[in-house]
Amino acid sequence: MAVEPFRCGAIALIGRPNVGKSTLLNALLGQKLSITSHKPQTTRQSLRGVLTTGTAQFVIIDTPGFQTRYRGALNRAMNRAIRGALEAVDVVALVVEAKRFGAEDRALLKQVPRGVPLFLVVNKIDTTEPASLLPFLKKAASEAQFDEIVPVSASRGKGLEELLGALKRHLPEQPAIHSGDDLTDRNERFLAAEFLREKLFRLLGEELPYSTGVEIEKFEEERGMRRIHAAIVVGREGHKAIIIGSGGSKLKRIATAARLDMETLFGGKVYLEVWVKVRSGWTDDEAALRRMGYG
Ligand SMILES: Nc1nc2c(ncn2[C@@H]2O[C@H](COP(=O)(O)OP(=O)(O)OP(=O)(O)O)[C@@H](O)[C@H]2O)c(=O)[nH]1
Ligand SMILES: [Mg+2]
């Protein structure tokens, strides 16, 4: 019996904000790594998730949502992260929402390098009737020369096996790049900041000022216990009260939720201290952005 060759490669998930790229990454990994929320522009920096099976290693890159409406240094950094993720990948997967394919999806397609296998992943199929999905898939197929079109529901776990099977066929035959037990290229410091940012998105909802960031000021580990000091950075003095809440109640809920997620991912106890600081106009300050990790 012929032995199946091992395949390994990088896959970039790109798409408009809020189509479910990060949810899809987590679903494929079977583990929460990337932060998600119902608000657009949740992901601000790309990160890689590594899925290793007996016959393949999928290095899946989650990217910020692509948009052309907003400008400013932070948005430029986000669009730059997408371009960066498109360099040296083996497969590009454009993620769209079922029954939505618009100008921004087309603009993003223009950035995809030629000669790289191109997938169209149609997410959120749980929100449509199968009868209306078929005509959409047919029409979407005419938008570009897609090598594969795969309908999925990331949140319901539908179509994921099919997606992995199709991706594998397009990965080069080569040994694994990452060790089999690697989950991501990002360190715990980055992930801690992201988990805290997710709770801001989730617990503040519409009141969350766009110019809210997170900076890890201290990250120490001693005998399995992580001590993390984090600052929530807001753009204006007035935003501070929104995050802290009356008597500090909001901030406490945010910190507790973030800590529990960190403990699950890191597999150990976390002591988390969070405060809020004002740095006016940081989303437009290139130096401040670099300090906060927006490369
Ligand atoms: N109904 C349904 N909702 C989904 C599905 N996948 C993701 N969502 C929801 O869509 C919203 C956005 O999901 P994210 O994964 O944060 O989207 P994203 O594309 O990473 O967004 P950005 O990081 O802002 O670009 C969340 O509320 C998810 O729960 C799905 O298959 N079905
Ligand atoms: Mg995301």
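The buried residues of helix α1 are covered by elements that include β1, β2, β3, β4, β5 and α5. Contact here requires that the C-beta atoms of two residues, placed from the backbone, lie within 7 Å. Helices (H or I, at least four residues) and strands (E, at least two) are DSSP runs, numbered from the N terminus. The model is predicted: local features need pLDDT of at least 70, side-chain atom pairs count only at pLDDT 80 or more, and totals for chains, interfaces and linings use all residues. Residues are numbered from 1 along each chain as its sequence is written, while chains are lettered from A and ligands numbered from 1 in the order in which they are written.

Eight of the nine residues of α1 are buried, so the helix is largely enclosed by the rest of the structure. Burial is a count of C-beta atoms, placed from the backbone: a residue is buried if 20 or more others lie within 10 Å of its own, exposed if 12 or fewer, and partly exposed in between. The buried residues of α1 are K21, S22, T23, L24, L25, N26, A27 and L28. G30 follows the helix and has a positive phi, near 70°.

Helix α1 (residues 21-29) also gives the most to the shell around ligand 1, with three residues. In total, 25 residues surround ligand 1. A residue is near the ligand if its C-beta atom, placed from the backbone, lies within 6 Å of it. The closest are G20, S22, T23, T43 and G65. By class, the shell holds five nonpolar, 16 polar and four charged residues. Ala, Val, Leu, Ile, Met, Phe, Trp, Tyr, Cys and Pro count as nonpolar, Asp, Glu, Lys and Arg as charged, and the others, Gly among them, as polar.

The sheet comes next. Six strands form an open sheet in the order β2-β3-β1-β4-β5-β6, with mixed pairing. Pairing requires at least two DSSP bridges between two strands. β2 (47-52) and β6 (148-151) stand at the edges with a single partner strand each, so one side of each lacks a neighbour in the sheet. The twist averages 25° from one strand to the next.

Strand β1 (residues 7-14) runs parallel to β3, and seven bridges join the two. R7 stands opposite A56 in β3. F58 of β3 is the bridge partner of G9. β1 also runs parallel to β4, through four bridges. On that side, I11 stands opposite V91. β1 is mostly covered, with eight of its eight residues buried. R7, G9, I11 and L13 point one way from the strand, and C8, A10, A12 and I14 point the other way.

Axes are lines fitted to C-alpha atoms, for helices over the stretch in contact, and angles run from 0 to 180 degrees between N-to-C directions.

Several loop residues stand out. Most residues other than glycine have a negative phi. A88 has a positive phi, near 55°. A88 lies in the loop between α2 and β4. With 11 C-beta neighbours inside 10 Å, A88 counts as exposed. R69 lies in the loop between β3 (56-62) and α2 (73-85). R69 is exposed, with 7 other C-beta atoms within 10 Å. R69 and E104 are 35 residues apart in sequence, yet 9.5 Å apart in space, C-alpha to C-alpha.

Strands β7 (residues 212-222) and β8 (residues 225-234) pair in the antiparallel sense over ten bridges. I228 in β8 is the bridge partner of F219. The hairpin has two residues between its strands, and R223 takes a positive phi near 45° there. R223 is exposed, with 6 other C-beta atoms within 10 Å.

The domain assignment of the protein chain gives domain 1 (7-170) and domain 2 (188-291). Such bounds come from an automatic or database assignment. The C-alpha centres of domain 1 and domain 2 lie 27 Å apart. The contact takes eight residues from domain 1 and eleven residues from domain 2. On the side of domain 1 that touches domain 2, four residues are nonpolar, three polar and one charged.
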